[in-house]
Amino acid sequence: MPMNRTEAEAATAGPDAGRRKVALITGITGQDGSYLCEFLLNKGYEVHGVMRRSSVFTTQRIEHLYQDRHQSGVRLRLHYGDLLDAIGLRRILTATRATEVYNLGAQSHVRTSFDQPIYTAEAVAMGTLNLLEALRDYRDSSGDDVRFYQASSSEMYGKVCEVPQNERTPFYPRSPYACAKVHAYWQVVNYREAYGLFACNGILFNHESPRRGETFVTRKITRAATRIKLGMQDCLYLGNLDAKRDWGFAGDYVVPMWLMLQQADPDDYVIATGETHSVRELLDVAFGTLDLDWKRYVRIDKTYLRPTEVDILLGDATRAHDILGWRPTVSFIDLVRMMIDADMELARREKTLVDAGYGTLPGWHTAESIYERDAALSQLAAPEFDEVPVALGQHRS
Ligand code: NAP
Ligand code: G4F
């Protein structure tokens, strides 16, 4: 769906008319992609998103932003593409003439990366390299100035060499996902130094929201707690409750992505709250908000343990404060409560359907793993695991 130059320039007319504001986002259908898209549209950008073709709709998180392309003044356009398809990416760059590229696309689930290490490396490491190469070629042939943001991750610190972690802390990746992110990180640095590309790494610590995928631990907990409260779920299976993370709000974290690309020089920045909490503390707040005692409902399932774990992440975002002027606005407790409120609304809707006789098999919509869905289908109670069940190797959380 290419947009011609006149349309593109008209769409960016305004106080900043001299400078075209055209963003291209990979991973636009994900949590961060949706918040970044909202943020950039509010800033007057024309936004283009790369999305994968799928047999089901994957655009739920951006539906409220999407307008039919036949309407006038449409500033959000979607393009089919994949990070594994470098030529497709190159074509999208030519079609959109993006001035800022945000690479958020990834197989982003750490536990899944142990089951799918090669695919994860293809999407995260090679995908980033594909996009950087496409961008270098596009910039060199068009002469246009393009800026690049890479979604790097605190997972790269892995078995942490120091606490807290900052931009100078060495990486020690502990999962196929983290290894692939380290590869991508260094490719970005090298494209900056070798080819003069304006390219930045945002080293973002965990960030969550009501739009978080349901197999990440925060959302898994807020979904379950609210369903338990309404009597629609009996228990919640989790893995390591002692892990500690620096959890912030995703809506806050897209702002520095943009700020990094507005600086005079490209650089890398840690984005974090500077507080760390364990999964247990998360359970305390989530279940506590609903006057529930999580110890009555949570069971440990070894399936959710990782072969190598990241025990503690705690970020030092002093540089982002000092140079970008960025600070998080949502505290840990407010974040969990925000997610509980949103999931309670979802659970109420679900219950209304169930009460009206339109409910589906228990666990179908909220299955946390292929195993739990199968158990729901066969109407069996979930057994306790002593080992990973062979037939159910692809766990999603
Ligand atoms: P997310 O919700 O899992 O979204 C990932 C996005 O990437 C989805 O739009 C997905 O498309 C897309 N994608 C996956 N494989 C792709 C491929 N081969 N080609 C093109 N697109 C592909 O992740 P998120 O939480 O928004 O995170 C955004 C980025 O930040 C990711 O790179 C993640 O690794 C990184 N990150 C996240 C955090 C965090 O705490 N959230 C922290 C640090 C870094 P579908 O919708 O089709 O699946
Ligand atoms: O929510 P998680 O799956 O997030 P994780 O592994 O920290 O990764 C997220 O943050 C990274 C930034 O540091 C991103 F780069 C990455 O893309 C992703 O967004 O797990 C958090 C912790 C882990 O220690 C995990 O072992 O929660 C623990 N946990 C305990 N029980 C569980 C569960 N995690 C999941 N997903 N499911 C459980 O049942």
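In this predicted model, the residues of the shell around ligand 1 divide into eight nonpolar, 16 polar and three charged.

**Around ligand 1**

- Ligand 1 has 27 residues around it, and Gly27, Gly30, Gly105, Ala106 and Ala151 come nearest.
- Helix H2 (31–42), helix H5 (117–142) and strand S5 (147–153) are the elements that each give two or more residues to this shell.
- H2 provides the largest share of the shell around ligand 1, with three residues.

**Around ligand 2**

- Here the shell holds 23 residues, of which Val110, Ser153, Val217, Gly239 and Ala243 come nearest to ligand 2.
- Two or more residues of this shell come from each of helix H4 (110–115) and helix H7 (217–229).
- Sorted by class, the residues around ligand 2 are nine nonpolar, eight polar and six charged.
- Both domain 1 (8–204) and domain 2 (217–241 + 277–311 + 332–386) supply at least three residues to the shell around ligand 2.

**Where helices H9 and H11 meet**

- Helix H9 (residues 279–289) and helix H11 (residues 332–355) have axes that come within 10 Å and cross at roughly 45°.
- Because of that angle, H9 counts as oblique to H11.
- The crossing of H9 with H11 is right-handed.
- On the H9 side, Leu282, Val285, Ala286 and Thr289 make the contact, and they meet Ile333, Val336, Arg337 and Ile340 of H11.
- Sorted by class, the residues in this contact of H9 with H11 are six nonpolar, one polar and one charged.

How values were computed
Residues numbered from 1 in each chain as written. Chains lettered and ligands numbered in written order. Predicted model: local features only at pLDDT ≥ 70, side-chain atom pairs only at ≥ 80, totals over all residues. Near = placed C-beta within 6 Å. Helix = DSSP H or I, 4+ residues; strand = E, 2+ residues; numbered from the N terminus. Nonpolar A, V, L, I, M, F, W, Y, C, P; charged D, E, K, R; others polar. Domains from an automatic or database assignment. Axes fitted to C-alpha atoms, helices over the stretch in contact; angles between N-to-C directions. Parallel < 35°, antiparallel > 145°, perpendicular 65-115°, else oblique. Left-handed = near helix turned anticlockwise from the far one by under 90°. Contact = placed C-beta atoms within 7 Å.
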